[in-house]
Amino acid sequence: MTLLAACLVVSSCLFAFGIIGALLARASALALMISVQLILLGAGLNFAAFAAGHDDPAGIVLAVLAFVVAFAQVLLFGALLFAVLRNNDSISLRVINILRD
């Protein structure tokens, strides 16, 4: 198995675990955030693997962009969860949904 194929297998597994986790995380906001992070990590690894396989720097730029977006999402979503946790005793998605009304 070549390095490109191995990276694509790992990328596909990360993406699939993220999708499955996002579908199963109905009550936990933290689990949903981790699932979205796995999806972004899988996509970024896919960009980087194809860029390395084809000697194209544009894929590396897209991978770095995906990682920067994932990092920004962690910061913003973490701050949001912290604010909800300060006002309530839970970070359940049901509690956050009640706050919408």
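## A buried serine

Let's start with Ser-35: at a relative accessible area of 5%, this residue is buried (buried means under 20% relative accessible area, exposed over 50%, and partly exposed in between, using a 1.4 Å probe and protein chains only). Ser-35 sits in helix H2 (helices are DSSP runs of H or I with at least four residues, strands are runs of E with at least two, and both are numbered from the N terminus). Skip its neighbours within four places in sequence, and Ser-35 is in contact with Gly-18, Gly-21 and Ala-22 (contact means heavy atoms within 4.5 Å).

A quick word on provenance: this is a predicted model, where local features need pLDDT of at least 70 and side-chain atom pairs count only at pLDDT 80 or more, while totals for chains, interfaces and linings use all residues. Residues are numbered from 1 along each chain as its sequence is written, and side-chain values use heavy atoms, with hydrogens and water left out.

## The overall fold

What pattern does the chain follow along the sequence? It reads α-α-α-α, with 4 helices and 0 strands. The chain is more spread out than a compact globule, because its radius of gyration is 17 Å, well over the 13 Å that the globule rule gives for 101 residues (the radius is taken over C-alpha atoms, and the rule is 2.2 Å times the number of residues to the power 0.38).

Along its principal axes, the C-alpha trace spans about 50 × 25 × 20 Å. Buried residues make up 21% of the 101 residues. Take the contacts between residues at least 6 apart in sequence, and 56% of them join residues at least 24 apart.

## H2 against H3

Two packed helices are described by the angle between their axes and the distance between the axes. Here, H2 (residues 29–54) and H3 (residues 57–87) pack at about 170 degrees, with axes 7 Å apart. That makes H2 roughly antiparallel to H3. For the bookkeeping, axes are lines fitted to C-alpha atoms, for helices over the stretch in contact, and angles run from 0 to 180 degrees between N-to-C directions; under 35 degrees counts as roughly parallel, over 145 as roughly antiparallel, 65 to 115 as roughly perpendicular and the rest as oblique.

On the H2 side, the residues that meet H3 include Met-33, Leu-40, Phe-47 and Ala-48, and the H3 side includes Ile-60, Ala-63, Phe-67 and Phe-77. By class, this contact has 19 nonpolar, 4 polar and no charged residues (Ala, Val, Leu, Ile, Met, Phe, Trp, Tyr, Cys and Pro count as nonpolar, Asp, Glu, Lys and Arg as charged, and the others, Gly among them, as polar). Leaving aside neighbours within four places in sequence, Ala-48 is in contact with Gly-59, Ile-60 and Ala-63. Ala-48 and Ala-5 are 43 residues apart in sequence and 12 Å apart in space, C-alpha to C-alpha.

## The loop residue Asp-55

Most residues other than glycine have a negative phi. Asp-55 has a positive phi of about 55 degrees although it is not a glycine. Asp-55 lies in the loop between H2 and H3 and counts as exposed at 71% relative accessibility.

## The cysteines

How many disulfides are there? The count comes to 0 (a disulfide is a pair of cysteine sulfur atoms within 2.5 Å). The sulfur of Cys-7 is 12 Å from the closest cysteine sulfur, in Cys-13, which is too far for a bond. Both are partly exposed, Cys-7 at 21% relative accessibility and Cys-13 at 36%.
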